[in-house]
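Here is a friendly walk through one protein model, taken a piece at a time. Keep the 3D view open while you read.

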Amino acid sequence: MNASAQMTDARRPLVSVRNLVTRFDLKAGLFGHVSGRVHAVENVTFDIFPGETLALVGESGCGKSTVARSIMQLDRPRSGSIRFDGTELIGAPRPVLARFRREAQMVFQDPFSSLNPRMTIEQSLMDPMRVHKLGSTEVMRARAAELLAKVELSPEHLERYPHAFSGGQRQRICIARALALNPRLIVADEAVASLDVTIQAQVINLLMDLQREMQIALLFISHDMAVVERIAHRVAVMYLGEIVEIGDRRSVFGNPQHPYTRKLLSTVPIADPTRRPEGRQPMSDEIPSAVRGPDFVPHELPMRQISSSHYARQVVTG
């Protein structure tokens, strides 16, 4: 089956990624000749629909953050297609990208480095509005106070600096900043990975509430399957730059088909011994290197359909 045939939903996707390839050249020698390439993303295909959360999961180094950066045009893809609301982004002119960046925002993993320590919270929240010229200073200040209230922080915090807040509070502020332009898409790249479990739950619940209220599409990137099970509507599992399984949350968690998906699920702790499945072994091997020779041509294995909304990549045996 062709990868582009994975999605059969009749709705129009907000984000449509087709056969995305992103590689990074490794140069060596006096003249900087290409000695190899990092095959970070290979032929990745998926859709994200309005009001939906697609979780992109896998170990560190599997390429999931590069997918996010490619969508946001922070990394330049080698080939493929990325469409936002029907408009192609790869190779798009600056005015098109400027409109896209108003409608798509990113929340990064580290809330400590995501905020400028020399700017007050009010200045940080007003900055994207100022860049896009959204109203007077008074209007932007009122909007900043409104945004803090949305993430359950007091407007009195506006005059404080980032060092005065905990990690969870800073991540709430980063989410508020992402909401400043009323985006239709938020890309959350390991947005709760650096937080303790209690704060993680609070931030996840906040994201889910905001999504229901504002019908935001969310690309949620994580290595934590327990977190993904809580927040995702659909799940895409990445291994060595490829999506090896994709489907609705219940199908992927309840009927995993690819060996790598089963390995990831085996890492999720289950408190009740009676609910622990038999025969699952913990992960002990490291993910192989994605560095290949300059002339390497990857061989893409086909996806097989498990159900109407569940696909898994074939595995070479023997």
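What follows covers the sheets, the helix pairs and a salt bridge.

## Before you start

This is a predicted model, where local features need pLDDT of at least 70, side-chain atom pairs count only at pLDDT 80 or more, and totals for chains, interfaces and linings use all residues. Residues are numbered from 1 along each chain as its sequence is written, and side-chain values use heavy atoms, with hydrogens and water left out.

A word on labels: helices (H or I, at least four residues) and strands (E, at least two) are DSSP runs, numbered from the N terminus. Two strands pair if DSSP finds at least two bridges between them.

## The five-strand sheet

Let's begin with an open sheet of five strands, in the order β5-β4-β1-β2-β11, with antiparallel pairing. The edges belong to β5 (87-88) and β11 (291-292), and each has a single partner strand, so one side of each is left without a neighbour in the sheet.

Now go through the pairs. β4 and β5 are antiparallel and share two bridges, with Phe 84 partnered by Thr 87 in β5. β1 and β4 are also antiparallel, over five bridges; Val 17 sits opposite Ile 82 in β4, and Val 21 sits opposite Ser 79 in β4. Between β1 and β2 there are eleven bridges, again antiparallel, and Ala 28 has His 33 of β2 as its bridge partner. Finally, β2 (residues 33-48) is joined to β11 by two bridges, running antiparallel, and Val 38 is partnered by Val 291 in β11.

How many residues lie between the strands in the hairpin of β1 and β2? There are four, and Gly 29 in this hairpin takes a positive phi near 85°. The hairpin of β4 and β5 has two residues between the strands, and here Asp 85 takes a positive phi near 55°.

By the same rule, the count comes to 19 salt bridges.

## The eight-strand sheet

There is also an open sheet of eight strands, ordered β6-β7-β8-β3-β9-β10-β13-β12, and its pairing is mixed. Its edge strands, β6 (104-107) and β12 (303-307), each pair on one side only. From one strand to the next, the twist averages 20°.

For a parallel pair, find β3 (residues 53-57) and β9 (residues 234-239), which are joined by four bridges. Val 57 has Val 237 as its bridge partner in β9. Helix α10 (residues 259-266) lies across β3, β9 and β10 (242-248), at about 105° to β9.

## Two helix pairs

Two packed helices are described by the angle between their axes and the distance between the axes. Axes are lines fitted to C-alpha atoms, for helices over the stretch in contact, and angles run from 0 to 180 degrees between N-to-C directions. Angles under 35 degrees count as roughly parallel, over 145 as roughly antiparallel, 65 to 115 as roughly perpendicular and the rest as oblique.

Which way do the axes of α6 (residues 167-179) and α7 (residues 197-214) cross? They come within 10 Å and cross at roughly 20°, so α6 and α7 are roughly parallel to each other. In α6, the residues that meet α7 include Ile 175 and Leu 179, and those on the α7 side include Leu 206 and Leu 210 (contact means heavy atoms within 4.5 Å).

Helices α4 (residues 121-131) and α5 (residues 137-150) pack at about 120°, with their axes 9 Å apart. α4 and α5 are therefore oblique to each other. Among the residues making this contact are Leu 125 and Met 129 of α4, and Ala 144 and Leu 147 of α5.

Definitions and conventions. A salt bridge is a side-chain nitrogen of Lys or Arg within 4 Å of a carboxyl oxygen of Asp or Glu.
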